[in-house]
Protein chains: 2
Amino acid sequence: MSETAGEAGGRRSRRGAGGRKARRALRASAKGVKHPYITRKLPLTELMSEEGLVLVEANAETLLEEIGIEFRDDPEALEIWRQAGAGVDGERVRFPRGLCRELIKTAPSSFIQHARNPERSVNIGGDSIVFAPVYGPPFVLDLDRGRRYATIEDFRNFVKLAYVAPALHHSGGTVCEPVDVPVNKRHLDMVYSHIRYSDLPFMGSVTAAERAEDSVEMAKLLFGADFVAENTVLINLINANSPMTFDGTMLGALKVYARNNQATIVTPFILSGAMAPVTPVGVMTQTLAEALAGMAFTQLVRPGAPVVFGSFASSISMQSGAPTFGTPEPALVLFGMAALARRLGVPFRSGGSLCGSKVPDAQAAFESMQTLYPTILAGVNFVLHAAGWLEGGLASSYEKFVMDADQLAMMQVLAQGYDTSENGQAMDAIREVGPGSHFLGCAHTQANFETAFYRSPVADNNSFEQWEAEGSQDTYRRANGLYKKMLADYEAPPLDPAIDESLQDFMARKKASMPDAFA
Amino acid sequence: MSETAGEAGGRRSRRGAGGRKARRALRASAKGVKHPYITRKLPLTELMSEEGLVLVEANAETLLEEIGIEFRDDPEALEIWRQAGAGVDGERVRFPRGLCRELIKTAPSSFIQHARNPERSVNIGGDSIVFAPVYGPPFVLDLDRGRRYATIEDFRNFVKLAYVAPALHHSGGTVCEPVDVPVNKRHLDMVYSHIRYSDLPFMGSVTAAERAEDSVEMAKLLFGADFVAENTVLINLINANSPMTFDGTMLGALKVYARNNQATIVTPFILSGAMAPVTPVGVMTQTLAEALAGMAFTQLVRPGAPVVFGSFASSISMQSGAPTFGTPEPALVLFGMAALARRLGVPFRSGGSLCGSKVPDAQAAFESMQTLYPTILAGVNFVLHAAGWLEGGLASSYEKFVMDADQLAMMQVLAQGYDTSENGQAMDAIREVGPGSHFLGCAHTQANFETAFYRSPVADNNSFEQWEAEGSQDTYRRANGLYKKMLADYEAPPLDPAIDESLQDFMARKKASMPDAFA
């Protein structure tokens, strides 16, 4: 009759008809599930008009032509641009209209990033969606110990969680900054941890050209040098120093990876109001121009090198100057940038489960979904920060990680779209049950109940009374129990002992070759 | 360089350039803002293929033709259907293919629901989105007093909150069940509260035909009988008793409202697995068939009476039988139903901020957004349960109400789409700032900073240290302070004393005419 207790609550005492045995089977089968990367079967959501997209493209070309982009501390980069026909004035590079777009034509529209377990290799581009964990936080947070600097143990834990979580397809990169390891040696332990504790694809170091070289060397030890020469086994985050600048560090890493035919994600990192104008269309214009210049540069270094168009755009509070997340303006940017990337014909990276909240509470969840939903519908291909991001990227949260992983698994279902098979149509069920009865026991429900609905391991759907009897736990507390269980259940994937030894030898030699640095 | 503390955190200490005076002005102007209903400028998101939609339409016609719908305890309804050419067998009505769809052609594609304040009248249908509060919960929850049965004081409070919240366009109906008022007199106090404490459009009672009559009488006292005869001033929730049944109570209320040319929302209320099959396409088929029959019936009662296609669809846990919210399957249903409603040419109601959580925590927020984002992108016109819904609709939550209202205000911005004006393009800002500088102080930022970004009254974007110094409050606690402030700041809109008196007289006479009933 109405949408009240009567209807919603009255069903609560009824039980799914499958019985105890079926529920046991479900629980057993849930363990060890790992979903492949998503092949989206949903149409794309396009929020910006063709006319709007063309306008942004024209403005970006004007920016590139009139204002240009600075390539700092890298004379080789300037020489490469000079050779390519750009105007070089000091470190400022100005681009004839259409030059960058033309250069990018050699980049692949999609590519496979190989994992050491071939079943975990991912396609990046086209209709694919790949979820990777949070990248970069110096802090970690959990309910028991609060917020603290991250360690290499935390790093390994997040690698393990991504390995175990069903809808994380990628091990990511700097899942947190292991600040207990010297800054000049940390990349070795990070890359090794991805290899040793997971069999998912992973990211290399970008904090110095030599560290990028080390990442490639370790990948060669793992995959074999011949394989690496022919295939993409690393994907690497190259951020622009917005506005309109690439620095020598990022360019150095970019060149190493491109020359080795490894993938780069060229990402203008923009907090609107600080690094770009305060309007979504202004942010889009600048993002497009910066990404065009960076992606074109990869193709000058090595035509055909895989490159991903990245966009990280949020806002700042004009009251406090603090970054904000989950507001509507960045969502508009995201939808628009995805369309612009498609028009360029390159894979697109953006979005994630971004938030500014200090704890994994309602704010964190609202903000994360205000980013994640657009991420899925807009057609993002590579989703960094898909799980664990908290506090504007300052903290990796254990509990948020498993909450986000739950949402990602839902998106994996959503992206499959509609089952219009005979079974999906369920006309037999409707005929069997008829008016005024219920569907719990009908044959169609019996046949489908194990897989019919997404089951959240985090959400509590018990009655209020039962929830209260179990301690009135909120999601934060339940997620605390879940992440610990996931770590306790974790089993490392096998790794060839000879490869492991060669990696450890390499690291030991590298570490012995230089004194520790902590700044 | 990377997405770490360096970039996200480094901006925190900077201040928006507007200074104290501008911030004061912003705060002042924020008070008393009320947004008009949304006129969506975004293209629609269509997730189901044309082929899929046609399949569902054909299956729904098969259901109507072969299985039919029961119209219970209402001989007049059966007679009306017989006259219209349907097959009537007992209380079962079977419909020749296409009959319902043909009858619905007399329904308006959109209509105005008038508010007593003409500035608050809303358009329902077309590109409009109207947000209305939660409907139906017998309990209320807040942080101070926990969960308890709702009272008329709670009812008035939620009416006041909707009146104050900038992005609530509608006062709704049973914002909670005032269980301290006799069940047979409660509707009078509810309707009166909407009139007295708000000037937004509202809903009438549907729990009995006589109560619907009372609602219409009170509307006549407020608007004048002549105005009500010509205009829609009430919208009313008529739920089907799924599967495939309408009961006498709902049919009685439906007939009262349709005969008075007032709007009905015909809504199959479905928890998939209990009241419908476990597959999204099965749910869609049954929902369409039930809604077709109910909407067609309104047009038989009075051709041209405004009617809204409603869909409330979620799932049950096949493990516990409990209703679940925020999972991917209902989102697929929602997107598909919105498209089916458009093909019928009638306004559409669905979605909201639905969740199963017992407290307004991360689960509540994740689940709400898993419903609200589809609600906006799919093109829902009337969004009941847009704010305050908690615990599967068993509780109206004060804190959740203000959290949801914040999200609704963001959606109001999102729905405006892209500003591609000169100012929106911001090329002057990009030219002024150039590479390597920042946008905080540029002329374009100065000119736009007050309105550039959505500002959440609930989110905390301060530094961790400041947040900690202020008591480490999570969103639940901050929302507690906010709702109390909104109630404290509330000022009732003026109401003509003569009208007020006539309403109070009417209520007093009605209440004196019957003994109290509590069941």
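**A first look around**

Analyst: Happy to. Gly125(B) has its place in strand β6 (residues 122-125) of chain B; strands here are DSSP runs of E with at least two residues, helices are runs of H or I with at least four, and both are numbered from the N terminus. This is a predicted model, where local features need pLDDT of at least 70, side-chain atom pairs count only at pLDDT 80 or more, and totals for chains, interfaces and linings use all residues. Residues are numbered from 1 along each chain as its sequence is written, chains are lettered from A and ligands numbered from 1 in the order in which they are written, and side-chain values use heavy atoms, with hydrogens and water left out.

User: Is Gly125(B) buried or exposed?

Analyst: Gly125(B) is buried, because its relative accessible area is 0%. Buried means under 20% relative accessible area, exposed means over 50%, and partly exposed is in between, using a 1.4 Å probe and protein chains only.

User: And what does Gly125(B) touch?

Analyst: Leaving out residues up to four places away in sequence, Gly125(B) touches Ser109(B), Ser110(B), Pro347(B) and Asn381(B). A contact means heavy atoms within 4.5 Å.

User: Let's switch to helices. How do α8 and α10 of chain B pack?

Analyst: Helix α8 (residues 209-223) and helix α10 (residues 248-259) of chain B pack at an angle of about 25°, with axes 8 Å apart. The axes are lines fitted to C-alpha atoms, for helices over the stretch in contact, and angles run from 0 to 180 degrees between N-to-C directions. α8(B) and α10(B) are therefore roughly parallel to each other. The cut-offs are under 35 degrees for roughly parallel, over 145 for roughly antiparallel, 65 to 115 for roughly perpendicular, and oblique for the rest.

User: Which residues make that contact between α8(B) and α10(B)?

Analyst: On the α8(B) side they are Ala209(B), Ala212(B), Glu213(B), Ser215(B) and Val216(B), and on the α10(B) side Gly252(B), Ala253(B), Val256(B) and Tyr257(B).

User: What about Leu221(B)? Which helix is that in?

Analyst: Leu221(B) lies in helix α8 of chain B. Leu221(B) counts as partly exposed because its relative accessibility is 32%. Among the residues that Leu221(B) touches are Ile499(B) and Phe506(B).

User: How do α12(A) and α14(B) pack?

Analyst: Helix α12 (residues 328-344) of chain A and helix α14 (residues 398-414) of chain B pack at about 40°, with their axes 9 Å apart. That makes α12(A) and α14(B) oblique to each other. Pro328(A), Glu329(A), Ala331(A) and Leu332(A) in α12(A) meet Met410(B), Val413(B) and Leu414(B) in α14(B).

User: Good to know. What is the phi of Met244(A)?

Analyst: Met244(A) has a positive phi of about 60° although it is not a glycine. Met244(A) sits in the loop between β11 and β12 of chain A, and is buried at a relative accessible area of 0%.

User: And Glu391(B), where does that lie?

Analyst: Glu391(B) lies in the loop between β18 (389-390) and β19 (395-397) of chain B. Its phi is positive, about 55°, although Glu391(B) is not a glycine. Glu391(B) counts as buried, because its relative accessibility is 1%.

User: Last topic, rings! Which residues form an aromatic cluster?

Analyst: Phe71(A), Trp81(A), Phe95(A), Phe246(A) and Phe297(A) form one aromatic cluster. Rings of Phe, Tyr and Trp (its six-membered ring) pair if their centres lie within 6.5 Å; planes under 30 degrees apart count as stacked, over 60 as edge-to-face, and the rest as tilted. By this rule there are 35 aromatic pairs over all chains.
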